[in-house]
Protein chains: 2
Amino acid sequence: MSSHFLSLSHRTRKTHFTKKVIAAGVKAFTVYNHMLLPTVFKSVEEDYHHLKKEVQIWDVSCERQVEISGPDAKKLIQKITPRDLAPLTKTKCFYAPLVNSNGGMINDPIIIMLAEDRYWISISDSDALLWIMGISTGLQLNVSLFEPDVSPLAIQGPKSRTLMKRLFGSKIEKLKFFGVAEFQFLGSNLIISRSGWSKQGGYEIYVNGPKLAETLWDKLFETGYDLNVRAGCPNLIERIEGGLLSYGNDMTLANTPFECGFGKFMPKVVANHCIGAQTLNSNKVRSPSKIIKSLSIDHKERIYCEEPWEIYNIKNEKIGQITSAAYSPDFQKVVALGMINTRSIESEQTMYTSINNKKYTIQIEEKPFI
Amino acid sequence: MSSHFLSLSHRTRKTHFTKKVIAAGVKAFTVYNHMLLPTVFKSVEEDYHHLKKEVQIWDVSCERQVEISGPDAKKLIQKITPRDLAPLTKTKCFYAPLVNSNGGMINDPIIIMLAEDRYWISISDSDALLWIMGISTGLQLNVSLFEPDVSPLAIQGPKSRTLMKRLFGSKIEKLKFFGVAEFQFLGSNLIISRSGWSKQGGYEIYVNGPKLAETLWDKLFETGYDLNVRAGCPNLIERIEGGLLSYGNDMTLANTPFECGFGKFMPKVVANHCIGAQTLNSNKVRSPSKIIKSLSIDHKERIYCEEPWEIYNIKNEKIGQITSAAYSPDFQKVVALGMINTRSIESEQTMYTSINNKKYTIQIEEKPFI
C-alpha cells in the first residue's frame, strides 16, 4: 500500500509530548486509543538497531489509564480479569488480560495498585473504559471510573538503566521486573515501573498532567546525551522478534487468553467471580484449537503484513494466519507472529504462506528471538 | 502542525472499499473505530464545492454496526438510550444518543430495527460494542451481541437521488428523511436509509460482507458518469456549516445530550428503564450551563482547529471553547462549532477567540449555514 497522510483533529488526540516528538523528527504516526502514537523516526530498521544498542524515549501516552477507585474497586477488577490479583501489591504491577463472558480478549493491560481501593489499568488499543463502565453500571458497583490525564513515557533499551539511575538515583536499581515505586522529580512524585513494550529492558514513567511532561523529556535527553539517547517508539521488528503481541493485530475480541498464549497467567481454576470463569474453565477453551506462535519465514526482503497472511499445509489447506511480520536485519529472515491450528503444529511437516504471490516456507520457533 | 504519514497495520482496519478509495486518489485518512476513513481526495475545498453541487460516494465502513438480537434486545437498547424507541419501525431509523449513568455521551449512533428482536446500532467513533456488551453482561440480559461485517456506503450530494433512482428504481423516491427499506442489487437484498453525514441530502447503503462491495462501487460510478460522480468523504467544511457534530471533537463522554443540543430528541421525562434517566431528568442537566452553538468568525484564511480554541468575553474570562472550525469558501468566513456558557450566550456583547495569537470576534449563528 502506498503512503497516505493522517488527517488530524481533536478526535485524534495529541499528547503532552507531541511537540517534542515532532521536534525530534517523527516521520509517521498511528492512532491508538484515539491518540497519536509515533511509529517511525529515522526508519523502522534504523530505529530497531538503535533500540537494541542504546536507549530511547518513547511517547506512549496512548496507553491511557482507566482509574478505578472506591469500595468496590478490587471487586470490579476481579470481575473483569481471570488473573488472580490477590498477590498484587503497590510495589509490583501485573499483566492481566481482560475478558468478556465468552472468554474473549477485551484488552491486555497492566494493572497498577495505587491503594487497596484505587487502581490504574494501563490499557492497550480498545476503549476499556467503556467496557469497565458498562460492567460496573450493570452490576451497580460502588466505584468511581475515569480516564485521568496520566501519560506513560517509556525509557527502553540496554542503556535505560544507566540513564534512569542518573536521573532518579540508585533506588532505580532495586526495581525488579514489573516492580513499581514512587520517585521524586522536581519536587513531584512520579510512579515508575520496570516494564515496557520491548525486550531490551526499560521503564515506564507515569507522568501526571502536562506540567512536567516537556521538562522531563528535555531532562532525559540532557542527562543521556553521551548515551546516544534518541526519541523512539515501539518498534515493529523488535517487538515481533520478542514475541510481544499487539492487541488488534495479533489478538482480538474473538480470541481467548489461551489462544493468545497467556495460559501461564491463568490460575488452574479461574475464580467464579470473574465473568469469564465458566468459559475459561471449560476444557474446550483450556485446550484451544489454535494458538499464537513465533514464526520465521525464509524471505530476505523488507516486508510488512498489513493484512493477515494465510498459512497453508502441503495439501493447500488453510491451517492458520500470520498477523504480524517484518524483516529482521539481525536474524536475516522475516520474523512473524501468527495463530496456527494446534493439531497442525504437531502434525504438519511443512507450512507455507504466500507473499506477493510467491510461496514461502514457515518455521515455528520454540522461543521468541531476543 | 506539519503533515505526517499514517502507519498501517491490521489493527488499523482497511475496508472492503479501500482499494477503490486508493484508486480514486485519496490523499489522507483518519482512523475511526479502528478503521480507515478517507478525509481528502482533491482538497478539502475542492471536495466541498463538488459535494454541494454534484454527487459523491463515501466509504463510511467505519460506521460499524453493533448487532443486538435476542429476547432482551429491545430492553437492552432502551437501557442505553434516553430516546423513546416505541415509535421505531422497520421503515424508519432513529438518531439516538447513548448515555452512561451520569448522562455522559457514549456514542451518537443511528438505530435500525431489522426485526422486533434484532437491531443495528450504526455507531460513531467509540467502541460502543464494549459498552453495550458491558451493560448486557452486568445485567445478565439474554442477547447476542457482535459486530457484523456490514459496511455503510454513503451516496451524498444534490444529485444523489437521481443516481440512486437509476440504480434502485423509483421506489427510492418514496424513502422519507431517515426512512429505511430493502432494495435489490444483483439478486441480493440491501438495506438503504435516507441519511448520511452531510446536509446535501443522500443515502446510506448497508453493504453485507465483501462480496458485492467493489461491484456496487463500480456500478455507482458507471451509472453516475454523466452526473460527475466522484469518490468523496465527510467534508469538514460542509459538516460544520450544516451543524453536524463529530463525536470526539465536539462532544465526549464528559457532555450530556442537552449540552450537545440534543434536547429535541429527549422525551419530557426519560423513562426509568434508561440507565441515565435519573441524571437526565434532573433540572441541572436539563438546563445545562453550556451548550453547543454554530458560530462564525470573521477570518478569511484557510484554517483548521486541531485543538480546541478558547472563547473569551470582553473581560478576558473564558466562556467556552471552539471544537471544530474551517474556512468556508461559500460564506467567506470561518464557520465553527463550539460549546459556550449559556449565561454568556444571553449576556455577553462580544466574544473572542485567538487564532495564531491574533484576536477574532465570534458571532453566534441562530441556525447552521446550509
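In this predicted model, F265(A) is in contact with R83(A) and Y95(A), once its neighbours within four places in sequence are left aside. F265(A) belongs to the loop between α7 (236-241) and α8 (277-280) of chain A, and its relative accessibility of 21% places it in the partly exposed class, because buried requires a value under 20%. From H49(A), F265(A) is separated by 216 residues in sequence and by 31 Å in space, C-alpha to C-alpha. R83(A), one of the contacts of F265(A), also has its charged end over the ring of F94(A), at 4.2 Å from the centre of that ring.

**Aromatic pairs and charges over rings**

- Over all chains, the count of aromatic pairs comes to 19, among them a stacked pair of F5(A) and F5(B), whose rings are 4.7 Å apart centre to centre with 10° between their planes.
- This pair joins two chains, because F5(A) lies in strand β1 (residues 5-6) of chain A and F5(B) lies in strand β1 (residues 5-6) of chain B.
- F5(A) is partly exposed at 35% relative accessibility, and F5(B) is likewise partly exposed, with a relative accessible area of 35%.
- The rings of F168(A) and F183(A) form an edge-to-face pair, since their centres are 5.9 Å apart and their planes stand at 70°, an angle over the 60 degrees that this class requires.
- That pair links distant parts of the chain, with F168(A) in helix α5 (residues 160-168) of chain A and F183(A) in strand β13 (residues 180-185) of chain A, 15 residues apart.
- F168(A) is buried at a relative accessible area of 9%, and F183(A) is buried at 4%.
- A cluster is formed by F17(A), W217(A) and F221(A), which are linked by ring pairs.
- In chain B, K359(B) lies over the face of Y352(B), at 4.5 Å from the ring centre.

**Helix α4 of chain A against helix α4 of chain B**

- The axes of helix α4 (residues 128-139) of chain A and α4(B) come within 7 Å and cross at roughly 25°, so α4(A) counts as roughly parallel to α4(B), the cut-off for that class being under 35 degrees.
- The crossing of α4(A) and α4(B) is right-handed.
- On the side of α4(A), the contact is made by L130(A), W131(A), M133(A), G134(A), I135(A), T137(A), G138(A) and L139(A).
- On the side of α4(B), the contact is made by L130(B), W131(B), M133(B), G134(B), I135(B), T137(B), G138(B) and L139(B).
- As background to such lists, an α-helix has 3.6 residues a turn, so residues three or four places apart point the same way.

**Helix α3 of chain B and its surroundings**

- Within chain B, the axes of helix α3 (residues 73-80) and helix α4 (residues 128-139) come within 11 Å and cross at roughly 115°, which makes α3(B) roughly perpendicular to α4(B).
- α3(B) passes α4(B) in a right-handed crossing.
- Where these two helices meet, α3(B) brings L76(B), K79(B) and I80(B), while α4(B) brings W131(B), I132(B), I135(B), S136(B) and L139(B); W131(B), I135(B) and L139(B) are also among the residues of α4(B) that take part in the contact with α4(A).
- Helix α3(B) is largely enclosed by the rest of the structure, because 6 of its 8 residues are buried, namely A73(B), L76(B), I77(B), Q78(B), K79(B) and I80(B).
- These buried residues of α3(B) pack against β5 (65-69), β7 (98-99), β9 (110-115), β10 (118-122), α4 and β11 (144-146) of chain B.

**Positive phi in loops of chain B**

- N33(B), although not a glycine, has a positive phi of about 55°; N33(B) is found in the loop between β2 (28-32) and β3 (35-40) of chain B.
- With a relative accessible area of 4%, N33(B) is buried.
- Q332(B) also has a positive phi, of about 50°, without being a glycine, and lies in the loop between β19 (318-328) and β20 (333-341) of chain B.
- Q332(B) counts as partly exposed, at 46% relative accessibility.

Technical notes:
Residues are numbered from 1 along each chain as its sequence is written. Chains are lettered from A and ligands numbered from 1 in the order in which they are written. This is a predicted model: local features need pLDDT of at least 70, side-chain atom pairs count only at pLDDT 80 or more; totals for chains, interfaces and linings use all residues. Side-chain values use heavy atoms; hydrogens and water are left out. Rings of Phe, Tyr and Trp (its six-membered ring) pair if their centres lie within 6.5 Å; planes under 30 degrees apart count as stacked, over 60 as edge-to-face and the rest as tilted. Helices (H or I, at least four residues) and strands (E, at least two) are DSSP runs, numbered from the N terminus. Buried means under 20% relative accessible area, exposed over 50%, partly exposed in between (1.4 Å probe, protein chains only). A charge sits over a ring if NZ of Lys or CZ of Arg is within 6 Å of the ring centre and within 35 degrees of the ring normal. Axes are lines fitted to C-alpha atoms, for helices over the stretch in contact, and angles run from 0 to 180 degrees between N-to-C directions. Angles under 35 degrees count as roughly parallel, over 145 as roughly antiparallel, 65 to 115 as roughly perpendicular and the rest as oblique. A crossing is left-handed if the near helix is turned anticlockwise from the far one by less than a right angle, and right-handed if clockwise. Contact means heavy atoms within 4.5 Å.
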